Amino acid sequence: MKGSALLLLIALTSNCAIASDKDALQSGSTDAALRVQGKKIFVGRCAQCHDDDGSKKLPDGTTLLQRLAKSKDPEARLRTRLKNPQERHSVTLYMEEILTRLHFSPAGQSASPAAPR
């Protein structure tokens with residue numbers, strides 16, 4: 001009886017783990033799609049002043065990337081130019097990917113070194 005209960009417990013745990021992994025993969029693919037959308041929006045509407053990756057120096061000598069990295073809420077910082085919340089969120093995900101790749105960390109988040117590309 002104990003063996004059957006143990007097998008049942010293992011089977012249920014495995015199913016939960018598989019479902020959890022599937023949700024994580026779907027969430028990751030959703031974020032990836034949003035980042036692609038964010039890049040399109042950024043390149044189409046923001047790159048003229050900030051370059052495709054936000055690295056163009058602005059009149060005060062900083063870049064958008066530096067400003068976003070120092071901001072406690074990078075998404076709120078983009079609110080001045082991107083009024084649509086969904087577009088703003090997509091662009092934020094795109095910019096956070098660049099910040100991570102360049103070893104910046106938005107304020108309030110722990111720095112996590114990115115793998116070199």
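I take buried to mean under 20% relative accessible area, exposed over 50%, and partly exposed in between (1.4 Å probe, protein chains only).

**Basis.** I work from a predicted model, in which local features need pLDDT of at least 70 and side-chain atom pairs count only at pLDDT 80 or more, while totals for chains, interfaces and linings use all residues. Residues are numbered from 1 along each chain as its sequence is written, and side-chain values use heavy atoms, with hydrogens and water left out.

**Helix α5.** I looked up α5, residues 85-101; helices are DSSP runs (H or I, at least four residues), numbered from the N terminus. Its buried residues include Arg-88, Ser-90, Leu-93, Tyr-94 and Ile-98. At the start of α5, I found a side-chain oxygen of Asn-84 within 2.8 Å of the backbone nitrogen of Gln-86. Just after α5, His-103 has a positive phi of about 70 degrees.

**Aromatic pair.** I searched the whole structure and found one aromatic pair. Phe-42 and Tyr-94 form this pair, which is tilted, with 5.9 Å centre to centre and 50 degrees between the planes. Rings of Phe, Tyr and Trp (its six-membered ring) pair if their centres lie within 6.5 Å; planes under 30 degrees apart are stacked, over 60 edge-to-face, and the rest tilted. The pair links distant parts of the chain, as Phe-42 lies in helix α1 (residues 2-45) and Tyr-94 in α5, 52 residues apart. Phe-42 is buried at 1% relative accessible area, and Tyr-94 is buried at 6%.

**Loop.** I located Ser-71 in the loop between α3 (64-70) and α4 (74-77). Ser-71 is buried, with a relative accessible area of 12%.

How values were computed:
Helix = DSSP H or I, 4+ residues; strand = E, 2+ residues; numbered from the N terminus. Polar contact = N/O pair within 3.5 Å; in protein donor to acceptor, adjacent residues only side chain to side chain.
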